[in-house]
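Have a go at each task, then check the worked steps.

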There are 2 protein chains.
Amino acid sequence: MHAAPPSERVAINLGDRSYDIVIGAGLLDRSDAFDGLPPGTDAVIVTNEAVGPLYAPRLSITLQRRYQRVHTITLPDGEVHKTLATLTSIFDALLEQGFDRRTTLFALGGGVVGDMAGFAAACYMRGVPYVQLPTTLLAQVDSSVGGKTAVNHPLGKNMIGVFNQPLRVMADLGTLETLPQRELVAGLAEVIKYGPIADEAFLDWIEAHLDDLLRRDADALAHAVRRSCEIKAHVVGEDERESGLRAILNFGHTFGHAIEAGLGYGEWLHGEAVGCGMVMAADLSVQLGLISNSYAERLRALIRRAGLPVVGPRLGVERYLALMRLDKKSNAGEIRFVVLEGVGRALVRPADDALVSRVIEANTR
Amino acid sequence: MHAAPPSERVAINLGDRSYDIVIGAGLLDRSDAFDGLPPGTDAVIVTNEAVGPLYAPRLSITLQRRYQRVHTITLPDGEVHKTLATLTSIFDALLEQGFDRRTTLFALGGGVVGDMAGFAAACYMRGVPYVQLPTTLLAQVDSSVGGKTAVNHPLGKNMIGVFNQPLRVMADLGTLETLPQRELVAGLAEVIKYGPIADEAFLDWIEAHLDDLLRRDADALAHAVRRSCEIKAHVVGEDERESGLRAILNFGHTFGHAIEAGLGYGEWLHGEAVGCGMVMAADLSVQLGLISNSYAERLRALIRRAGLPVVGPRLGVERYLALMRLDKKSNAGEIRFVVLEGVGRALVRPADDALVSRVIEANTR
């Protein structure tokens, strides 16, 4: 026996919906990491075809020590499957297997799995508890934290969903070892995001350690995940249901969602679209006179160096505008953007269509 | 101008989710009845093919005084359409029309419309507010109050849904005038329910005024709706998410749901199945030694006199048991029944399969 590898906890404070984010290597195999979850009879692992074969058997063995019955539901892989139809297949499987209200769902995978398992947990028999076990960098630093769940609609991303906080988030850093490089890079987009919107020192750190992150240095990844979760936990603790502050977490996402929807979900990874969207949102911030051109260039250089796209697809200005009008931050057809107003500070505001059109023209090819 | 007809309010106390049930004739036309709702830009009436033509134009005129845009979504009529597919059609319509987060949904119809509009409101862009405007007796006394929303699944009734409290319930007693007699009778099943589970005096009152209710005497209906809402508001205020007490509101529903699912949704109306289910649950209470045979006979006589079925369909004992095992009150395959333990008192408990089988045999044909 060797000592358990160290793990860290980040608390997310939401009154009676508070929970911990546990970060560490090897959590999937550590029964003690599951201590303190409310008692339940059955456990259902919701995973996908890519992640399931790698990790579901290990998680299943750990859960079998705690639950009478452990079952695995395997979804198809990819954003294109984040639909009401796939959600329905989860309900079908749960009912066919006779799972009752004392069942806990365990979301094992990336953001798509987490969004759908969390949504399914909210609705199955009007609510069963769930645990997030994110296995991608993007899910560990962003989507598994904060209780946003959703599926896409042909007319817009994440349009159908609910706020539903998990019982716990358990980020096993070991799962990042098998992550395809393209997905690691996509996850870095959300890591980078936290610098410009909230933490100048973290932006400096990312710039200094980007090469370490790209070669998956364990210490660098651990720091990136922890600091990202700390920032997200703070923002979500202030504004659980996105009535104000929380919207800044969508920096780059308004442009990014338009890219994803315009190309068809799955063509670009979410993080890739957000990377490019941050470049566009930074340029918009320059055009609005909020930040200097050199700061925007600094961000563009970092995003490019991470391996993320910095030029958007040529969908046409009108198509971009139409897709962005569907954004959930829109008010009566007026698109609202997360823009930067300095290093480590962001705000949400509308922008003139002409200005936005110029930004789209300048940043697409 | 004549004075506005009187209306009454029943408060439902749920902390920051508290709201009022407003009961009165002609509410749909009274703009002042909508005072105090949070400001919003747009209003969407969700109704069905039976109710919409009768009342949606009137409601629309009233709402146009308050909202920039008023749109109506008309669903097909009937329990058979309470599905994820119909729910999806609501999302499609909302997105196609470009409605944003500042939209309020108005559920105008019976329980099916209310359940689906409330569920859609919970999920559209992760939550928009909604108002219940029940137009059937059943919805006015039961389903519109308490925030339970759901759709059916082929494997069970109300299996997919959420708790989502409305901003207000507005029961316009005038809409009961156009209710088909069969639906009025079905609604009486839920009125009758409140007597045996919670209020001996109300049971006496129903027995004394059943003929008035059946001929739609306005004062009798007003009293029945108000007292039913008071009892339901009290129970829901004690136990919003059905972790205990609230389950007694399902008296007759475990057998009733089996009848509905076994025959196929829509064959019997929900209230008809509940009426028959109460007869079976009362008989089970006798078999368990909890109440006298004469009290069960008293309830059976009242239910029969209301015009509700008191004998269930011959689905077969095994089929009944299998369907009831899917009930959400079940624990690890053990069916739990709401049974009576006296006049005005109920509790939830399991029962031996052999005993339940005998009750099914004796009460089906």
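**Exercise 1.** Find how many Å separate the centres of domain 1 and domain 2 of chain A.

*Solution.* Start with the bounds: domain 1 of chain A covers 7–178 and domain 2 covers 181–362, as set by an automatic or database domain assignment. Taken over C-alpha atoms, their centres lie 25 Å apart.

Before going on, a word on the source: this is a predicted model, where local features need pLDDT of at least 70 and side-chain atom pairs count only at pLDDT 80 or more, while totals for chains, interfaces and linings use all residues. Residues are numbered from 1 along each chain as its sequence is written, with chains lettered from A and ligands numbered from 1 in the order in which they are written.

**Exercise 2.** Work out which element gives the most to the side of domain 1 of chain A that touches domain 2 of chain A.

*Solution.* First, the totals: 29 residues of domain 1 and 31 residues of domain 2 of chain A take part in the contact (C-beta atoms, placed from the backbone, within 7 Å). Helices (H or I, at least four residues) and strands (E, at least two) are DSSP runs, numbered from the N terminus.

**Exercise 3.** Now turn to the two chains and find what rotation superposes chain A on chain B.

*Solution.* Superpose the copies by least squares on the C-alpha atoms of residues with pLDDT of at least 70 in both. You get a rotation of 180° with 0.0 Å of shift along its axis, at an RMSD of 0.0 Å. The two copies are thus related as by a two-fold rotation axis. In chain A, the C-alpha nearest that axis belongs to Leu84(A), 4.3 Å away. Both copies use the same surface: 100% of the contact residues of chain A recur in chain B.

**Exercise 4.** Find which element of chain A gives the most to the side that touches chain B.

*Solution.* Begin with the count: 29 residues of chain A are in contact with 29 residues of chain B. Helix H2 (84–96), helix H3 (111–123), strand S7 (148–153) and strand S8 (156–163) of chain A each bring at least two residues to this side. S8(A) gives the most, with six residues.

Key. Two residues are in contact if their C-beta atoms, placed from the backbone, lie within 7 Å.
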